[in-house]
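The following briefing concerns a single protein chain. Please consult the sequence and the model shown here before reading the points grouped below.

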Amino acid sequence: MKFEDILEEINGFGPFQILIIILLCIPRIVLPCHFLLSNFIAAFPPHHCDISTLGDGGLLKNLTHEQRLTVSIPVREDGVPKSCEMFAEPQFQLLANGSISADLPTVQCQSGWVYDNSTFTSTLATEWDLVCDRKSLTKTTGTIFFVGVMMGGIAFGFLSDKYGRRNSLLASYIISAVFGFSSAFANSYVLFAALRFLTGVGLTGISIISVVLSIEWVDTGHRSFIGVIGSLAWSAGNMLLAGFAFLVNDWRTLMMTVTAPLGVAVLTWWWIPESARWLLVNNKVERAHFYLDKCAKFNKRQKLSSKFKQETLSEILEKQDTNYTYLHLIKTPKMRRLTLLTGIVWYGVSSAYYGISLNISGFGLNMHLTHFIYAAIEVPAKLMIYCFLNIIGRRKCQAGTLLLTGICIAINIFLPQGLWHMRAVVAILGKGLSEASFTAVFLYTTELYPTVVRQNSLGYTTFMSRLGASVAPLILLLEDVWTPLPQVIICSLAIISGLTVLLLPETLNVRLPETIDDIEKPRASEVSSHSVETAGVFLESMSTTDI
């Protein structure tokens, strides 16, 4: 008797499961708003040296603002004033003959900077003058945030396997809300960075627990539906972020705006059930029976019979050591191999996704529209991957999307800058494919690992993912060394991780493994009749639907 047989009795995909998806959508909308927030709060508005003090001596007093800029600040080849340099002395001859200023002596800005506030009234760069020689500090805030996400992946992977999905989810809600709002009131860069680190710790709990909790409550045939449709909340949040940033130009107000939905999430937590799978694995049979009866009632099915309770529930999973830790991921040969391969895949998936998402320049469009296009392409990408996951399988989808992402990046490396229209199309296609690979990897990973260490495994893979995400902003800085170098690195990572996927097993219509023995002992592809029937209904409906 397997847990899928229990779900078949009480309906493994009914109103109860739909309610779980809806309740978990609210906090998942917040995730992209924070994960990609640095695109806006760390933006660099146009700026130049502050020359207002130079006019106080009388030399520049009678000049117009444009004339002051001409004699005080050198210009780039495109005629725009340089951002970090000023002339050592006013060059009045430039007013008379427009001489070339390239060979004139310059110094670094002496009295700060003047910023163009037409797009943003305030960003991290303008708040603490993180420009010129301090420019890298804005990228560092993104890295610090993702380091927090890495640590949170380990912490919440352990906590949710030890103390349950539901309680750990509430903790992640509270931590994210408290430190997310606190970040908006930080009065120094160091304090802000520390609060962003703690916000990242909390948000990763929402990310991994919401996925596992929803998938553990549905039958085999609907796991891909839950995984993909639930992830549309990320795309919705990503598009909303572009709108929020367009309407809210102050970084502090924007921080509070994108964190506010977590207050609603805390209220909805009371209706979220604990994972019955987790309860059974941890020998909490009575509590598991409570939620299973609740599911049956909500789905208008008969409650489990008394004989079924006594003879079946307690025997679904053999009693064994329930104190599972991360060490169990590497204790046995096949688990070690699985852990190594999935770590490589997650690192490559994340590096490709964030390497593309955090680079929203070069379209010839404003950054809000570019971000929105990048977010909007995720929706058809998710729907496409939903179709292919059930047709060609998880492994081929995962490998294919990663390899095609790498190919798109490679094409843009060789396309000349002048063909920006074509480069934009290829970049958008690559962004959609990278999102499709991210969507597939969550579902694929939950199906590869057994229930007893599933949350720990997602904690580990999330750690690897956020390691890739935290390094991605630093990789983008390498364009100062060689312009195509960041794309070369990200392309290579995508292709290597795509080839690594081919070494993993297929999980389409295979029962979720419950124990480590299910991984170590060769098992046939156990396919329940219910899952086959569900897959058949899905395929039939797809073939008769106009798209």
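Cys 49 and Cys 109 form a disulfide, with their sulfur atoms 1.8 Å apart; a disulfide here is a pair of cysteine sulfur atoms within 2.5 Å. The model is a predicted one, in which local features need pLDDT of at least 70 and side-chain atom pairs count only at pLDDT 80 or more, while totals for chains, interfaces and linings use all residues. Residues are numbered from 1 along each chain as its sequence is written, and side-chain values use heavy atoms, with hydrogens and water left out.

**Disulfides**

- The torsion about the S-S bond of Cys 49 and Cys 109 is about -70°, so this disulfide is left-handed.
- This pair links distant parts of the chain, 60 residues apart: Cys 49 lies in strand 1 (residues 47-49), and Cys 109 lies in the loop between strand 3 (106-108) and strand 4 (113-115). Helices (H or I, at least four residues) and strands (E, at least two) are DSSP runs, numbered from the N terminus.
- Cys 49 is buried at 0% relative accessibility, and Cys 109 is buried at 15%. Buried means under 20% relative accessible area, exposed over 50%, and partly exposed in between (1.4 Å probe, protein chains only).
- The structure holds 2 disulfides; Cys 84 and Cys 132 also form one, with an S to S distance of 2.0 Å.
- For Cys 84 and Cys 132 the S-S torsion is about -100°, so that disulfide is left-handed.
- Cys 84 is partly exposed at 22% relative accessibility, whereas Cys 132 is buried at 18%.
- With bonded cysteines counted along the chain, the disulfides follow the pattern 1-3, 2-4.

**Overall architecture**

- The protein chain contains 24 helices and 4 strands.
- Of its 547 residues, 54% are buried.
- Among contacts with a separation of 6 or more, 80% come from residues 24 or more positions apart; contact means heavy atoms within 4.5 Å.
- The chain exposes about 23200 Å², of which carbon and sulfur atoms supply 63%. Accessible areas come from the Shrake-Rupley method with a 1.4 Å probe, and for residues only the protein chains shown count as cover.

**Nonpolar cores**

- The largest nonpolar core has 122 residues, of which Phe 35, Trp 217 and Tyr 354 touch the most other members. A nonpolar core is a set of buried Ala, Val, Leu, Ile, Met, Phe, Trp, Tyr and Cys residues joined through side-chain atoms within 4.5 Å.
- Helix 9 (residues 189-215) gives the most to this core, with 12 residues.
- A second, separate core of 6 residues includes Cys 49, Leu 69, Ile 73 and Met 86.
- Leaving aside residues up to four places away in sequence, Phe 35 touches Phe 145, Phe 146, Val 149, Leu 203, Trp 234, Tyr 354 and Arg 466.

**Salt bridges**

- The structure holds 8 salt bridges, each defined by a side-chain nitrogen of Lys or Arg within 4 Å of a carboxyl oxygen of Asp or Glu.
- Asp 161 pairs with Arg 165, the closest N and O atoms being 2.5 Å apart, and both residues are buried.
- Arg 277 and Glu 514 meet in a salt bridge at 3.1 Å, N to O. This pair links distant parts of the chain, 237 residues apart: Arg 277 is in helix 13 (residues 276-281), and Glu 514 is in the loop between helix 22 (485-501) and helix 23 (516-520). Both Arg 277 and Glu 514 are buried.
- Glu 447 and Arg 394 form a salt bridge at 2.9 Å, N to O. Glu 447 in helix 20 (residues 420-448) and Arg 394 in helix 19 are 53 residues apart, and the pair links distant parts of the chain. Glu 447 and Arg 394 are both buried.
- Salt bridges that share partners join Asp 161, Arg 165, Glu 216 and Arg 454 into one network.

- Helix 14 (residues 285-298) has 14 residues and reaches 20 Å from its first C-alpha to its last, close to the 20 Å expected at 1.5 Å a residue; the expected span is 1.5 Å times one less than the number of residues.
- Among the buried residues of helix 14 are His 289, Tyr 291, Leu 292 and Asp 293.
- Just after helix 14, Lys 300 takes a positive phi of about 60°.
- Gly 400 is in helix 19 (residues 394-414) and is partly exposed at 24% relative accessibility.
- The C-alpha atoms of Gly 400 and Val 501 are separated by 9.3 Å, although the two are 101 residues apart along the chain.
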